[in-house]
Amino acid sequence: MSGLLFTLCLLLQPATAQEAFYKATAEQSTGRPGTLIRHEPLANPPSGTLAYRILYRSIGLNGEPIAVSGFVVIPASGGSQADRPIVAWAHPTTGVASNCAPSLRAGPFEAIPGLSDMVQRGYVVTATDYPGLGTSMVHPYLIGESEGRAVLDSVRAAAGLTGAHPSRRFVVWGHSQGGQAAIYAGILARSYAPELKLAGVAAAAPATDLVTLLRDDFATRGGKSITAMALWSWARVFSAPIEGVVVPGAMATVDRLAEECTGSVFGVLEHLVSERPLQQTFLTIPDITVVEPWRSLIERNSAAPLPEDIPAFLAQGTTDQVVRPSVTQAYMSALCRNGTAVKMLVIPEVGHAFIAHRSASQAMDWMADRLTGKPAPSDCRS
């Protein structure tokens, strides 16, 4: 089973409809990126916290104003405390349909690895849904620039919540698709949100090399749905000709997979059943990564190195069959060549689904040191 489609498996309750909250007019969406459009309390927040569902302004891929949803968790104690550091969580794949937004779930908190530790340390935690999850626009799946902007604007949005008292200093923590989002937030931070102070990027099994990711997952049970969701999304976001690469008989399956969410055990199982027809027939070509415009889109969204002054924490399981250990090692090498300080954590016998949870404690310690200004360690020489 593909771990990218299995992460968030602890949540068993289906998403609930909150359509009115997620709707925003063009006028409401227009304004300074990161400002709140609206917010409302979330039920049953973690002990000692306040939690809010948020809708905030951001910028789309073509420079247009958009609304993005998410949620924020705030320590309830020390209400007068100023300048709380922020951890921006970037979630793994939950699907591409609007109702797959983590903030729509009845209990989204368990899906953030290390959340209780963050709250105990006094951090504000933001969790973007990404564009198109929750809201009505098409979700730009595995599109790094879109994800990165949404992450950075979620950090900005926290300042609009009473009692949050966030500082401008923050770190980003992401897994899989969210690892890609975290890295792109790091790449974009200086130009897109220069008023914020990014102290580091932590990523568990990040989707960095999309060429290898899509080739590998296309060959696995459960992995073809990743390719299907990417093609479905990119066909709509970039007007790429999906009919030229997907056999006509498989389009109904691709469309069905695009309507399903993978944020629960039941969702993952449904996804696996729906994907079965793609095992017999799917693409008209053997390798989507060598055909235009898909090749250029894939290469464009394969992560470049972070700026050299932004330290990185990378976590990787040795039995990950979604993001190969060699891919994360190659990205570490690229960071090292670029002059970035990199801490690399490799955990034996851990697959893709659980690497973020298994590495959360070490990631939290690393992030805490970055937020307090300690020099970043580096494993580059080793």
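Contact means heavy atoms within 4.5 Å. The structure is a predicted model, in which local features need pLDDT of at least 70, side-chain atom pairs count only at pLDDT 80 or more, and totals for chains, interfaces and linings use all residues. Residues are numbered from 1 along each chain as its sequence is written, and side-chain values use heavy atoms, with hydrogens and water left out.

The protein holds 13 helices and 9 strands (DSSP runs numbered from the N terminus: helices H or I, at least four residues; strands E, at least two). Of its 382 residues, 60% are buried (under 20% relative accessible area, 1.4 Å probe, protein chains only). Among contacts between residues at least 6 apart in sequence, 78% join residues at least 24 apart.

The largest nonpolar core has 70 residues (a core is a set of buried Ala, Val, Leu, Ile, Met, Phe, Trp, Tyr and Cys residues joined through side-chain atoms within 4.5 Å). Trp 173, Trp 234, Val 246, Trp 294 and Met 367 touch the most other members. Helix α13 (residues 355–371) gives the most to this core, 9 residues. Beyond four places in sequence, Val 246 contacts Leu 231, Met 251, Val 254, Phe 282, Leu 283 and Thr 284. Another core, of 56 residues, lies apart and includes Ile 37, Ile 66, Val 72 and Ala 182.

Arg 149 sits in helix α4 (residues 144–157). Arg 149 counts as buried because its relative accessibility is 13%. Its side chain makes a polar contact of 2.7 Å with that of Glu 145 (a pair of N or O atoms within 3.5 Å; within protein, one must be able to donate a hydrogen and the other to accept it, and residues adjacent in sequence count only if both atoms are side-chain atoms). Beyond four places in sequence, Arg 149 contacts Ser 58, Ile 59, Gly 60, Leu 61, Leu 188 and Tyr 192.

How values were computed:
Buried < 20%, exposed > 50% of the residue type's maximum accessible area, 1.4 Å probe, protein only.
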